[in-house]
Amino acid sequence: MTDLTRLTAAALADAFAAREVSAVEATQAHLDRIAAVDSDVHAFLHVDVDGALATARAVDDARAGGTAVHPLAGVPIAVKDLLATNGLPTTCGSKILQGWIPPYDATVVARLKVAGLPILGKTNMDEFAMGSSTEHSAYGPTRNPWDLGRIPGGSGGGSAAAVAAYETPLAVGTDTGGSIRQPGAVTGTVGVKPTYGGVSRYGLVALASSLDQAGPVTRTVLDAALLHQLIGGHDPLDSTSIDSPVPAVVEATRRADVSGMRIGVIAELGGEGYQPGVRARFDDVVALLSKAGADVVEVSCPSFDYALAAYYLILPSEASSNLAKFDAMRYGLRVAPDGVEVPSAEEVMSASRAAGFGDEVKRRIILGTYALSSGYYDAYYGSAQKVRTLIARDFDAAFEEVDVLVSPTAPTTAFRFGDKLDDPLAMYLNDIATIPANLAGVPGLSVPSGLADEDGLPVGVQLLAPALAEDRLYNVAAAIEAMLAEQWGGPLLAQAPELEVRT
Amino acid sequence: MTTTSADPVTFEDALERYDPVMGMEVHVELNTASKMFCGCSTVFGADPNTQVCPVCLGLPGALPVVNARAIESAIKIGLALNCSIAPWCRFARKNYFYPDMPKNFQTSQYDEPIAYSGWTEIEVDGVSYRIEIERAHMEEDTGKSLHVGGATGRIHGASHSLVDYNRAGIPLIEIVTKPIEGTGAKSPEVARAYVAHLRELVLGLGVSDVRMEQGSMRCDVNLSLRPIGVTTLGTRSETKNVNSLRSVERAVRHEIGRHAAVLDGGNRIVQETRHWHEDTGVTTAGREKSDAEDYRYFPEPDLVPVAPSREWVEALRAQLPEPPSLHRARLQADWAFSDLEMRDVAGAGAMNLVAETVAAGAAPQAAKKWWLSELARYANEHDIAIDDVPMSPEQVAQVQGLLDAGRINDKLARQVFDGVLAGEGTPEEVVARRGLEVVSDDSALGDAVDRAIEANPDVAAKIAAGKHAAAGALIGAVMKEMRGRADAGRVRELILARLG
């Protein structure tokens with residue numbers, strides 16, 4: 001019998017429709033896989049065996065009874081622990097939310113439930129999505145299935161590793177500055193950050209409200225498109241949600257044709273600071289696109305040089321305000337201060353926040369509080385917003401010239417645990433290529449481009465398109481995926497080492 | 001430094017040397033069915049924490065969505081105050097920690113209010129004052145803390161606190177005046193008249209219940225003094241939560257005296273918030289406040305800008321009721337009231353009640369009489385607002401109708417009021433149940449008249465001799481016997497018929 005965990009979501013959906021496999025079988029197979037490998041990978045913070053199987057059984061019953069169900073009904077999925085799940089713990093990788101069980105579902109989660117996707121569990125992440133390695137998770141890091149001594153990227157390393165380790169075919173991530181795309185690149189998987197407002201943020205615990213966006217984490221471009229179609233679209237509960245149809249991403253994926261497309265290589269992303277193997281695989285992809293009939297040109301986006309600086313003012317500013325609600329008054333961790341017999345509310349707040357937040361979170365709260373202070377606001381937050389406008393203008397100008405922009409997704413392959421932990425700036429640089437898309441609100445996609453020669457680890461290429469033009473991303477990504485699979489004789493992940501199975 | 005050690009200064013004395021400048025900040029709670037950013041009910045008085053959801057509890061991940069009706073109400077208030085309406089404005093986050101604020105930031109407006117640069121006109125003792133409006137902006141209310149175990153209900157000395165989030169997220173409009181200058185000795189009355197005027201104006205718009213005693217209208221009074229002739233502003237105090245018209249007047253008066261005493265003693269006014277004590281009529285020091293207090297405002301990224309179209313604003317402008325001053329002038333003409341009578345009605349807060357009573361069929365003088373006597377007294381005795389008297393304008397008009405039809409007399413009418421106010425039913429029901437209808441039936445009256453004549457032969461003789469004025473004594477005797485229910489006119493006729 002086929003190993004069900006090696007099937008894509010699309011293949012599982014076909015097998016369900018043909019009555020070759022049941023949702024319970026597929027779900028059980030993935031739960032077994034999690035049990036076998038997750039003690040090493042640690043992609044999950046919480047696994048919901050009963051809930052996932054109950055959903056699968058309901059889907060099987062519905063199909064058996066002839067009830068029309070969503071094509072993806074029964075395909076298991078994992079959800080980043082940043083999204084509120086009714087009845088399931090939601091910690092955001094933080095001690096301060098230990099034990100909190102939301103009384104409501106994020107809109108994305110509600111859509112998954114309505115469509116009948118069994119939710120396997122909640123995936124690990126850097127605390128409140130602050131980090132690029134999952135080393136900032138209060139519950140320990142996730143390990144990269146390609147090399148358990150290395151990081152899986154972050155903040156959504158749990159979702160990417162779970163997909164790469166065949167623990168789930170689908171996962172939902174969130175991307176504030178690259179948290180879907182960079183883990184995708186370093187684990188050899190596909191990650192998509194949709195247009196800002198394309199997927200509801202309702203129930204997504206906010207890091208930086210103006211940057212956050214949920215999106216698909218999968219092994220193939222088609223799976224990403226199928227999931228994107230399901231979770232995208234207008235939500236009246238999110239004021240920033242765009243009231244227009246989801247771009248025709250599935251159709252675009254099936255097209256996979258770049259002939260005649262104008263593709264721009266971003267001059268500012270890809271030079272100094274990028275690992276040789278990353279640059280080599282990027283050049284390969286550009287050559288392939290040319291060969292396939294795309295018109296490839298170099299495009300300059302000069303303001304991108306300031307993106308990282310602007311991002312690290314806007315993000316901490318918004319985060320400092322968003323994280324103020326964690327005060328031990330209504331939910332989550334509550335710590336009594338030492339040596340105070342009858343502590344005041346303020347003292348409890350202070351002690352709980354001191355104990356509940358990790359160092360990186362505190363660092364950013366302090367940065368943001370400072371940047372928003374009167375007298376500094378104009379110089380910091382105000383200037384950063386101006387840079388943001390300039391970056392959006394760079395994108396506008398670039399998209400006058402080309403249909404899609406390309407760059408490496410991340411400057412390096414997966415690094416070893418601890419390598420950048422004591423150097424926040426080095427850690428922040430991981431997101432240098434992914435941040436501009438968040439600042440401008442445009443969509444981005446990372447698709448595997450091969451292995452770096454020097455370390456044999458996965459490399460990703462990033463595609464960027466104008467707002468609501470995700471179809472272009474999926475079209476180009478599907479073409480790249482197909483051309484590379486032909487070269488490699490199969491998907492990149494087939495080259496990953498087998499994980500040790502523990503029972 | 002302290003104000004208590006300074007020698008007291010009388011109000012009149014203070015005004016000889018100092019020129020008061022006021023600033024009023026009034027919060028109006030809108031009467032929308034749902035909260036500012038979620039669908040929760042806004043009904044007052046529900047059990048604690050029953051009107052809450054992930055949004056107004058600030059649960060992680062929940063997001064706000066603006067209540068369009070609240071925007072509409074804000075625009076109406078802005079227009080009624082002759083403000084410019086912003087074609088584009090945003091909400092901002094006001095960041096500070098407090099347990100009754102679920103997100104530890106208040107979604108408010110900062111440098112982009114929906115309405116700004118307006119004015120309104122009030123009158124005190126026949127003199128008009130133009131009050132400049134700085135801004136009217138939208139914000140959400142906080143929850144309510146209840147401090148348990150202390151003596152005063154304040155946080156000091158309390159053993160623990162409870163928080164009710166039902167109020168969190170209820171839409172508020174904050175209306176801020178520019179400094180009100182040149183009001184001198186009239187300052188306390190101007191302050192009161194402004195708040196009363198605002199109350200009437202908002203009530204006329206139908207966008208709030210503006211019940212000060214329930215907190216749906218709350219007033220902060222800023223006050224500073226400067227030596228007469230000086231043009232720069234002195235240091236101000238901000239007296240919070242002055243929640244009745246009378247208190248507004250008293251608080252201004254008190255603060256003028258307090259400031260003068262501090263300044264006279266060569267001391268400086270501390271910029272601070274002050275608590276108003278209704279019972280003792282004084283303010284005490286609250287939180288020290290500096291201009292640099294840092295709320296780290298920034299535009300609310302979870303909401304999109306509010307951009308009311310010109311057409312919408314003009315449509316709302318066209319729907320505005322007539323301004324209170326015009327409305328009042330029209331009522332005065334219709335009712336043929338003197339200026340003094342109008343002032344009495346306004347002062348009692350009974351303008352709308354009288355108007356509704358007239359609309360229900362009562363004569364204006366009669367409507368005024370009942371609201372300013374029986375019903376005002378009831379409100380006073382029960383310490384409630386006159387709007388909260390448990391008797392409707394229709395019922396008042398019904399009592400007057402009974403009087404006009406001769407079915408009851410003035411004295412009986414007061415008993416009908418007592419009955420209705422005591423919850424015994426409608427005026428008709430009270431008359432029936434208490435047996436209050438006037439007796440004009442000759443057979444019932446005749447016996448009583450005969451007995452009165454018999455018991456008072458001297459009086460009867462005088463009447464018989466042509467002194468008809470003496471009939472009053474016999475009428476009184478009949479009335480007494482019939483416990484006030486006799487038709488006095490008919491009794492007089494019967495007496496004269498028998499003796500004349």
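**Two chains, from strand pairs to the chain contact**

Phe105(B), in β4(B), is the bridge partner of Asn95(B). This is a predicted model, in which local features need pLDDT of at least 70, side-chain atom pairs count only at pLDDT 80 or more, and totals for chains, interfaces and linings use all residues. Residues are numbered from 1 along each chain as its sequence is written, while chains are lettered from A and ligands numbered from 1 in the order in which they are written.

Strand β3 (residues 92-95) of chain B and β4(B) are antiparallel and share 4 bridges. Strands here are DSSP runs of E with at least two residues, helices are runs of H or I with at least four residues, and both are numbered from the N terminus. Two strands pair if DSSP finds at least two bridges between them. β3(B) and β4(B) belong to an open, antiparallel sheet of 3 strands, ordered β4-β3-β14 (chain B). At its edges are β4 (105-108) and β14 (298-299) of chain B, each pairing on one side only.

Chain B as a whole has 16 helices and 14 strands. Its C-alpha trace spans about 90 × 55 × 50 Å along the principal axes. Of its 500 residues, 41% count as buried; a residue is buried if 20 or more other C-beta atoms, placed from the backbone, lie within 10 Å of its own. Among the contacts in chain B with a separation of 6 or more, 69% come from residues 24 or more positions apart; two residues are in contact if their C-beta atoms, placed from the backbone, lie within 7 Å. The chain is divided into domain 1 (11-311), domain 2 (322-434) and domain 3 (442-499), with bounds that come from an automatic or database domain assignment. Between the C-alpha centres of domain 2 and domain 3 of chain B there are 33 Å.

Two helices of chain B can be taken in turn. Helix α2 (residues 68-80) of chain B has 13 residues, which should span 18 Å at 1.5 Å a residue, and its end C-alpha atoms agree with this at 19 Å apart. The expected span of a helix is 1.5 Å times one less than its number of residues. The buried residues of α2(B) include Ala70(B), Ile75(B), Ile77(B) and Leu79(B). Among the elements that cover the buried residues of α2(B) are β5 (115-124), β6 (127-140) and α3 of chain B. After α2(B) comes Asn82(B), with a positive phi near 55 degrees.

Helix α3 (residues 187-205) of chain B reaches 27 Å from its first C-alpha to its last, close to the 27 Å expected for its 19 residues at 1.5 Å a residue. Because 15 of these 19 residues are buried, α3(B) is largely enclosed by the rest of the structure.

Strand β12 (residues 272-277) and strand β13 (residues 282-288) of chain B pair in the antiparallel sense over 5 bridges, and Arg274(B) stands opposite Ala285(B) in β13(B). The hairpin has 4 residues between its strands, and Gly281(B) in it takes a positive phi near 75 degrees.

Ala397(B) sits in helix α10 (residues 393-404) of chain B. It counts as buried because it has 21 C-beta neighbours inside 10 Å. Leaving out residues up to four places away in sequence, Ala397(B) touches Thr357(B), Ala360(B), Gly361(B) and Ala362(B). Arg296(B) is 101 residues from Ala397(B) in sequence and 56 Å from it in space, C-alpha to C-alpha.

Chain A holds an open sheet of 11 strands with mixed pairing, in the order β1-β3-β2-β4-β6-β5-β10-β11-β9-β7-β8 (chain A). Its edge strands are β1 (44-47) and β8 (295-299) of chain A. Within the sheet, β10 (residues 444-451) and β11 (residues 458-464) of chain A pair in the antiparallel sense over 7 bridges, with Pro448(A) opposite Gly460(A) in β11(A).

Where do the chains meet? The contact takes 33 residues from chain A and 27 residues from chain B. On the side of chain A that touches chain B, α10 (307-322), α11 (345-356) and α12 (359-372) of chain A each supply at least two residues. α10(A) gives the most to this side, with 3 residues.

How values were computed. A residue is buried if 20 or more other C-beta atoms lie within 10 Å of its own, exposed if 12 or fewer, and partly exposed in between; C-beta atoms are placed from the backbone.
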